[in-house]
Amino acid sequence: MLDRRVGAGSDRLKSAPMTSSETRLHSGEGMVEFEMVGNLALSLSLWLCFSLSLCLCLALSQCFLNAVVQCLSHTRGLRDYCLVKAYRQEMCSREEPHLMEAFSQVLLSLWDVNEENHNTKVNPGKFYSIFKDAVPYFSGYSQQDAQEFLRFLLDRLHCEINRRPYVRLTSLEPEPKCKIQPLVLNINASAMWKRHLERDDSKIVDLFTGQLRSSLHCSVCSHYSTCFDVFCDLSLPVPKRSATGGGSLRECLDLFTQEEKLDEENAPMCERCNRRTESTKRLTIQRFPQVIVMHLNRFAMSRYMVCRSTVCVSFPLTSLDMGPYGPVDCGPVLYDLYAVCNHSGTVNMGHYTACCLENDGSGWCCYNDSCVTPISENQLQSAQAYVLFYQRRK
Ligand SMILES: [Zn+2]
């Protein structure tokens with residue numbers, strides 16, 4: 001297995017003996033370093049992210065990238081797939097997968113086994129510039145959102161390495177109608193999933209894609225309808241501050257899956273009434289992905305501005321049971337946490353870091369642009385936790 005070591009019994013990271021199949025990050029003096037800020041001095045990068053100066057926006061707009069890349073590079077299934085470049089055998093398109101190649105190159109450099117490269121730093125500049133060409137939305141110098149970046153990145157990578165040919169959707173295909181019997185629902189969900197895989201099938205889908213079920217109930221005629229959508233992450237509402245000052249991931253999931261009242265303006269058409277009617281909507285998870293990415297939506301629109309919630313949301317590190325949010329009687333569906341993307345600061349001026357669980361049992365490390373430091377499990381729980389990465393237990 002690919003691996004990297006952290007010195008035991010010490011707060012310093014150091015190198016450890018490796019076998020030929022092992023790899024690790026480059027060890028510097030007292031810390032593992034990888035440069036994510038181009039030619040800017042590494043020690044400046046943290047400070048830059050808090051700086052208001054306009055000419056220093058390069059680092060400001062890149063810490064989101066560093067944090068997301070670290071979380072993805074600790075997603076074992078994806079990392080191993082990239083390192084052996086398995087997409088080259090699988091992909092359908094004959095076009096060069098430029099972004100996938102550049103992304104894999106960043107991972108290869110992070111997990112480099114060559115002794116002589118240990119003091120070199122990884123610069124994702126090429127990867128980022130290819131990404132910006134593919135997604136021009138990210139070309140500006142404004143503060144970018146890590147979760148948005150993750151969505152765009154996974155989508156672009158998927159498009160390049162899709163095992164199916166690209167099919168242009170000319171018109172909205174009619175959705176199969178559902179009856180409310182659970183058996184028919186499950187058959188329908190499977191049929192929809194199969195349809196999805198006929199067009200979109202890649203390692204990204206294998207790992208990150210799940211299926212959401214949305215149930216609508218018309219308050220006028222009591223008609224039920226159900227539709228299924230795929231998702232690559234769940235964006236969860238963060239509860240209001242409680243008496244104890246904090247909330248839990250379970251509360252966020254409860255809010256996400258609770259019945260929501262839709263007024264006439266916001267409700268979809270009722271098939272039976274043939275008009276928009278007051279209805280209720282409920283989301284549940286129909287198909288669980290191998291990796292479930294959960295975004296704690298800390299940014300809420302108030303009347304005049306976007307506000308950032310500072311509620312500390314606690315979350316389990318192991319044995320998160322998602323079963324209660326799945327189909328009836330699906331039993332426990334257990335997940336373990338392996339990475340957290342943190343956001344600190346305000347709406348306009350923020351900084352991203354990543355906390356990742358190392359594969360060799362040495363515990364958690366915090367990746368702050370160019371610095372890596374070991375951290376304890378209880379340091380993970382903070383009001384900064386922003387995107388949680390959980391791996392389904394086999
Ligand atoms: Zn109706």
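**View 1. Helices α3 and α8 pack at an angle of about 60°, with their axes 9 Å apart.** The axes here are lines fitted to C-alpha atoms, for helices over the stretch in contact, with angles running from 0 to 180 degrees between N-to-C directions. This is a predicted model, in which local features need pLDDT of at least 70 and side-chain atom pairs count only at pLDDT 80 or more, while totals for chains, interfaces and linings use all residues. Residues are numbered from 1 along each chain as its sequence is written. Helices (H or I, at least four residues) and strands (E, at least two) are DSSP runs, numbered from the N terminus. The two helices are therefore oblique to each other; angles under 35 degrees count as roughly parallel, over 145 as roughly antiparallel, 65 to 115 as roughly perpendicular and the rest as oblique. On the α3 side, F64, L65, A67 and V68 make the contact, and on the α8 side A146, F149, L150 and L153. Being in contact means that two C-beta atoms, placed from the backbone, lie within 7 Å.

**View 2. Let's look into the largest nonpolar core, which has 70 residues.** Such a core is a set of buried Ala, Val, Leu, Ile, Met, Phe, Trp, Tyr and Cys residues joined through C-beta atoms within 7 Å. A67, V68, A146, C341 and C356 touch the most other members. Helix α3 (residues 63-73) gives the most to this core, with eight residues. Leaving out residues up to four places away in sequence, V68 touches A146, F149, L150, L153 and C341.

**View 3. Next comes L157, a residue of helix α8 (residues 146-161).** L157 is buried, because 24 other C-beta atoms lie within 10 Å; the cut-offs are 20 or more for buried, 12 or fewer for exposed, and partly exposed in between, with C-beta atoms placed from the backbone. Apart from neighbours within four places in sequence, L157 is in contact with L99, M100, F103 and I204. L157 and I204 are 47 residues apart in sequence, yet their C-alpha atoms are 7.6 Å apart in space.

**View 4. Finally, here are two serines with positive phi, S222 and S319.** For S222, phi is near 65°, and the residue lies in the loop between β1 (210-218) and β2 (224-231). S222 is exposed, because 9 other C-beta atoms lie within 10 Å. S319 has a phi of about 55° and belongs to the loop between β12 (312-314) and β13 (320-321). With 11 C-beta neighbours inside 10 Å, S319 also counts as exposed.
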